[in-house]
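Here's a quick tour for anyone meeting this structure for the first time. Have a look at it, then read on about its insides and its backbone.

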Amino acid sequence: MLIKQEIKKLKDSVLSELDKTKSKTEFQRLYYQFLGRKGKVSELLKSIPELPLNERPEAGRLCNILKKEIEEIFNKKRLEIEKKELKVSKVDITLSERKYDIGYSHPISITMKEILASFKRLGFHIAEGPEIETDYYNFTALNFPVWHPARDMQATFFLQDGRLLRTHTSPVQIRIMESYKPPICVVVPGRVFRSDKPDATHYPIFHQVEGLFVDKDVSMPDLKGMLLYFARDIFEEKVQIRFRPSFFPFTEPSVEVDISCIFCGNKGCGMCKQTGWIEILGAGMVHPAVIKNVGYDNRIYNGFAFGLGVERVTMLKYRIDDIRLFYENHLEFLNQFKKVTF
């Protein structure tokens, strides 16, 4: 059969050509020359129908064997070339080792974890909610009527569809109370937004943790005892707290909560403006109107709520005097917290 001669000739040609091949480029050219769609093996297969009918089966069998053999030869040659190129490649041992820093937590994240862990030890559950809110959840349900001047205290980012970027995490408290019956004991962490001009103590984005406890016969002493534990857990065992009368639409009575100055021990210094006290959060008893807005009977249930700024606590703990440092990504500042973990 002439086909046998063609097969032998083709195989010898492959071996001869590959033996001269030294690079991947030459190898690739030969591969397509012999095994490509229009390569010599394909041409040989296409010639089988031209053979006498009785010779075609044997010719087809021999051609398929040839194709497999050639593929094996090419695979073996490919490995040989790659191995040689690997040996030839050089590594510049004069280059210094490239070092990569292991990631570490941002100071706000460290403080947030510490705050949440403290409240979890007191039995609070963590709840979260949307950052884009409706006017109802952000204001109206929290006893901020449309005409109420307290809305002006929370400079707000409004969207074109009437929704807004939440100005506090209190809307989540409403959502929780609408979904569950008392007792309720939650803390709500998250980002909030106000159109403040950035300065040393203000930034348009910041973080809050708000808390809510609703049940029967909840009192201000319950609130004060809980906050005293929290302050001592976060700052130091000797710290004291005090309540000062204040106003929030969603609590009545409302208080500002101060801690005894952790820098001077309540003696008076520049950090506490010579008062011996530093404000850390706002709190109060949940307003009866808020209790009623979520469908609870305010003759049976009451509760307390509180809210604190995570940046504020972080600044006190680490003596940071400018809130903008948290967001400007200066490595000189952030690298100080590499070894601070929680």
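## Inside and along the chain

The lining of the largest cavity splits into 7 nonpolar residues, 1 polar and no charged (Ala, Val, Leu, Ile, Met, Phe, Trp, Tyr, Cys and Pro count as nonpolar, Asp, Glu, Lys and Arg as charged, and the others, Gly among them, as polar). Those lining residues are Leu-142, Gln-173, Met-177, Leu-212, Phe-250, Val-286, Val-290 and Ala-305.

This is a predicted model, where local features need pLDDT of at least 70, side-chain atom pairs count only at pLDDT 80 or more, and totals for chains, interfaces and linings use all residues. Residues are numbered from 1 along each chain as its sequence is written, and side-chain values use heavy atoms, leaving out hydrogens and water.

| Residues | Feature | Value |
|---|---|---|
| Pro-182 and Pro-183 | cis peptide bond | omega about 5° |
| Glu-252 and Pro-253 | cis peptide bond | omega about 0° |

Asn-266, not a glycine, has a positive phi of about 75°, and Asn-266 is partly exposed at 35% relative accessible area. Arg-319, also with a positive phi, of about 55°, is exposed at 58%.

How values were computed: 1 Å grid on protein atoms, 1.4 Å probe; cavity = no way out; pocket = protein on both sides within 12 Å on 5 of 7 lines; lining within 4 Å. Buried < 20%, exposed > 50% of the residue type's maximum accessible area, 1.4 Å probe, protein only.
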